[in-house]
Amino acid sequence: MISKTILALFISILATTNCMSQNSQAKIEYAEAEKDLHAGKFTESLKHLETVKEILGETNSKVMFLEILCRDVIYQTVYMLNPFKFSYRLSDKLSELIIVDNLSSQYIANFENDVRVEQLYAIKEINKKCKEDQIVLNKAALESKKIALGIIEEMILVGGGEYKLNGKNQKVTVNSYKIAKYEVTEHKWIGVMNPEILVSYDNSRKSYLKQTPMMKMNRLEALQFIKRLNDMSGLKYRLPTEAEWEFAATGGTNGKKYIYAGSNNIKKVAKYSKNGSIGNYTIGRYEPNELGIFDMSGNAFEFCQDHYNDKYNKVSKLNNSIKPESSDKFVIKGGSWDSPSKDCTIVFRRSAPADERSDTYGLRLVIDVN
């Protein structure tokens with residue numbers, strides 16, 4: 001990020017320079033660009049600079065200097081100041097960085113012998129940082145792609161079949177699909193959403209993240225993660241329907257009708273409110289269910305596709321169905337580390353608004369079988 005000293009230098013330099021052009025309208029637009037820069041309105045400053053270039057039919061050292069400053073500040077503050085903000089993809093950040101790199105390289109090549117030493121030094125510093133950041137972001141892109149492509153390897157096939165939903169008499173037919181062996185971890189989440197952060201961690205930290213389920217999210221963020229993952233992998237991951245979630249938790253067609261996912265003894269299969277210290281949420285710590293799937297009871301509530309419907313058990317036979325849009329709340333299943341044992345049963349269901357964030361909410365992926 002640009003240091004306060006360099007930023008102060010930029011402003012000082014700009015305060016003592018005028019646009020080289022004698023065009024009055026260009027001077028006005030350039031003055032507005034400087035004014036917006038001082039006010040922290042960097043995007044507006046860039047718009048004025050674009051107008052200056054249109055009027056002049058070209059750029060010059062002063063216009064380019066100000067443009068580089070604006071774009072670099074935008075890159076540092078908008079794209080990089082809050083690395084855990086999910087609004088921008090890695091490709092967005094890299095594209096903006098390349099623009100700054102190209103402009104600063106062009107400035108150095110064209111104006112090295114014509115501008116003040118302070119200006120040249122400042123642009124060289126920006127250019128140096130751009131090249132360093134590109135190495136980090138390119139490395140992050142490779143690691144992110146590796147994570148995205150590797151998720152499919154941990155999916156478990158669930159053969160289709162028929163079962164009684166929520167332990168009631170209503171029979172539901174479920175098609176074959178694959179479901180994740182584990183909940184999405186912090187390592188996978190950061191690797192998809194903010195990989196440039198991941199590459200800064202040492203192996204010990206990464207090992208911890210690989211064992212820790214991602215929580216503290218809402219359903220909207222979970223869907224954004226899935227969309228980004230699908231864009232990167234070329235696959236079509238999604239949330240499970242409640243029917244799919246429950247069918248997998250019961251062990252599919254070979255299920256033994258346990259109360260919890262894998263056992264009638266919750267202590268064998270689940271992290272819940274009475275069997276451990278807060279914060280110890282390691283995936284795969286307890287026994288899996290009949291299909292080899294871990295933590296479907298306890299650890300974290302898991303999002304389902306379905307809108308919450310109290311009367312779902314009373315409707316007619318469904319085929320792999322998502323419940324109708326009868327409310328603005330959605331189904332979550334499985335219980336969490338903070339749940340009593342009754343909330344960790346396979347049949348227990350709860351509702352949650354799409355924008356409700358909780359440190360007990362997690363995510364498990366499903367993908368269709370062709």
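This is a predicted model: local features need pLDDT of at least 70, side-chain atom pairs count only at pLDDT 80 or more; totals for chains, interfaces and linings use all residues.
Three bridges join strand β4 (residues 177-180) to strand β11 (residues 366-368), and the two run antiparallel. Strands here are DSSP runs of E with at least two residues, helices are runs of H or I with at least four, and both are numbered from the N terminus. Two strands count as paired if DSSP finds at least two bridges between them. Tyr 177 stands opposite Asp 368 in β11. Val 158 stands opposite Tyr 177 too, Tyr 177 being in β4.

Residues are numbered from 1 along each chain as its sequence is written, and side-chain values use heavy atoms, with hydrogens and water left out.

Now the whole sheet. Four strands form an open sheet in the order β1-β4-β11-β5, with antiparallel pairing. β1 (155-158) and β5 (237-238) stand at the edges with a single partner strand each, so one side of each has no neighbour in the sheet.

Another open sheet of four strands has the order β9-β8-β6-β10, and its pairing is mixed. Its edges are β9 (349-353) and β10 (361-362); each has a single partner strand, so one side of each is left without a neighbour in the sheet. Strand β6 (residues 301-307) pairs with β10 in the parallel sense over two bridges. Glu 302 stands opposite Gly 362 in β10.

Next, the helices. The axes of α5 (residues 90-111) and α6 come within 9 Å and cross at roughly 150 degrees. Axes are lines fitted to C-alpha atoms, for helices over the stretch in contact, and angles run from 0 to 180 degrees between N-to-C directions. Angles over 145 degrees count as roughly antiparallel, and α5 and α6 are therefore roughly antiparallel to each other. Their crossing is left-handed, meaning that the near helix is turned anticlockwise from the far one by less than a right angle. The contact of α5 with α6 has 14 nonpolar, six polar and five charged residues. Ala, Val, Leu, Ile, Met, Phe, Trp, Tyr, Cys and Pro count as nonpolar, Asp, Glu, Lys and Arg as charged, and the others, Gly among them, as polar.

Helix α6 leads on to a pocket. The second largest pocket is lined by 16 residues, of which Ile 147, Glu 154, His 187, Lys 188 and Lys 210 lie nearest its centre. α6 (117-150), α7 (186-193) and α9 (203-211) are the elements giving two or more residues to this lining. The pocket holds about 380 Å³ of space. Its lining has four nonpolar, five polar and seven charged residues.

The structure also holds one cavity of 30 Å³ or more. On a 1 Å grid over the protein atoms alone, a cavity is a set of points where a 1.4 Å probe fits but cannot get out; a pocket is an open set with protein on both sides within 12 Å along at least five of seven lines; lining residues have an atom within 4 Å of a point. Grid points are joined across faces, edges and corners, and a volume is the space filled by probe spheres set on the points. The largest cavity has about 50 Å³ of space. Ile 151, Glu 154, Ala 180, Tyr 182, Glu 183, Val 184, Lys 188 and Leu 365 line the largest cavity. By class, they are five nonpolar, no polar and three charged.

Terms used: Angles under 35 degrees count as roughly parallel, over 145 as roughly antiparallel, 65 to 115 as roughly perpendicular and the rest as oblique.
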